[in-house]
Amino acid sequence: VFSSFLALFYLLFASKMSSCATMLDTAQMLFEVLLMKFDASELTSASAFLGPFVFAIFIVFVVFICLSMFLSIINDAFRMVRDSPAED
């Protein structure tokens with residue numbers, strides 16, 4: 001999911017934004033978005049419709065769905081360990 005958004009942001013905004021000039025810069029920008037340390041006004045100035053639209057889709061898919069799924073997997077693993085009897 002992350003690599004597909006990486007390609008999408010790079011192809012859409014490589015010529016319009018300096019933070020998307022290379023694939024590595026785009027990956028760094030997307031990680032900053034994941035950490036909520038990104039200024040979205042740069043995306044809005046690059047494209048009035050596509051910037052906020054792609055940004056919102058990225059936030060919904062990656063932050064809310066993927067990270068929630070990751071936390072659910074970790075929570076399930078902890079529950080299985082807690083419920084199993086200790087061998088030592």
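Predicted model: local features only at pLDDT ≥ 70, side-chain atom pairs only at ≥ 80, totals over all residues.
**Reading the helices and their packing**

Q: Which residues of H1 are buried?
A: Here a residue counts as buried when its relative accessible area is under 20%. In H1 the buried residues are Phe5, Leu6, Phe9 and Phe13. Around the axis these residues cover an arc of only 105°, and they therefore lie on the same side of H1. The general idea behind such a reading is that an α-helix has 3.6 residues a turn, so residues three or four places apart point the same way.

Q: Which residues are exposed on the other side of H1, and what do its buried residues pack against?
A: On that other side, Ser3 and Leu11 are exposed, while the buried residues of H1 pack against H2, H3 and H4.

Q: How should the twelve residues of H2 be read at 1.5 Å a residue?
A: The reasoning is that the twelve residues of H2 should span 16 Å at 1.5 Å a residue, and since its end C-alpha atoms are 16 Å apart, the two values agree. The buried residues of this helix are Thr26, Ala27, Met29, Leu30 and Val33. Seen down the axis of H2, they fall within an arc of 160°, so they line one face of the helix. That set of buried residues packs against helix H1, which runs over 2–13, and helix H4, which runs over 50–83.

Q: Is Thr26 buried or exposed, and which residues is it in contact with when its neighbours within four places in sequence are left aside?
A: Thr26 is found in helix H2, and it counts as buried because its relative accessible area is 0%. Leaving aside the neighbours within four places in sequence, Thr26 is in contact with Leu6, Phe9, Tyr10, Ser19 and Cys20.

Q: What is the phi of Met36?
A: The general idea is that most residues other than glycine have a negative phi. Met36, however, has a positive phi near 60° although it is a residue other than glycine. Met36 is found in the loop between helix H2 (23–34) and helix H3 (41–46), and at 53% relative accessibility it counts as exposed.

Q: What are the span and the buried residues of H4?
A: H4 has 34 residues and reaches 48 Å from its first C-alpha to its last, which is close to the 50 Å expected at 1.5 Å a residue. Its buried residues are Gly51, Val54, Phe58, Ile59, Val62 and Val63, and they pack against H1, H2 and H3.

Q: At what angle do the axes of H1 and H4 cross, and within what distance do they come?
A: Two packed helices are described by the angle between their axes and the distance between the axes. The axes of H1 and H4 come within 11 Å and cross at roughly 170°, and H1 is therefore roughly antiparallel to H4. On the H1 side the contact is made by Phe2, Phe5, Leu8, Phe9, Leu12 and Phe13, and on the H4 side by Leu50, Gly51, Val54, Phe55, Ile57, Phe58, Phe61 and Val62.

Q: How many aromatic pairs are there?
A: Rings are taken as a pair when their centres lie within 6.5 Å, and by this rule the count comes to eight aromatic pairs. Phe49 and Phe53 form one that is stacked, with 5.4 Å centre to centre and 15° between the planes. Phe49 counts as exposed at 58% relative accessibility, whereas Phe53 is partly exposed, with a relative accessible area of 42%. Ring pairs also link Phe2, Phe5, Phe9, Phe13, Phe31, Phe58 and Phe61 into a cluster.

Q: Where is the place of Ser47, and what is it in contact with?
A: Ser47 has its place in the loop between H3 and H4, and it is buried, with a relative accessible area of 13%. Leaving aside its neighbours within four places in sequence, Ser47 is in contact with Phe13 and Pro52.

Q: How many residues apart in sequence are Thr44 and Phe55, and how far apart are they in space?
A: Thr44 and Phe55 are eleven residues apart in sequence, and their C-alpha atoms are 9.5 Å apart in space. Thr44 has its place in helix H3, where it is partly exposed, with a relative accessible area of 40%.

Notes: Residues numbered from 1 in each chain as written. Heavy atoms only, no water. Helix = DSSP H or I, 4+ residues; strand = E, 2+ residues; numbered from the N terminus. Buried < 20%, exposed > 50% of the residue type's maximum accessible area, 1.4 Å probe, protein only. Expected span 1.5 Å × (residues − 1). Arc of directions from axis to C-beta. Contact = heavy atoms within 4.5 Å. Phe/Tyr/Trp six-rings, centres within 6.5 Å; stacked < 30°, edge-to-face > 60°. Axes fitted to C-alpha atoms, helices over the stretch in contact; angles between N-to-C directions. Parallel < 35°, antiparallel > 145°, perpendicular 65-115°, else oblique.
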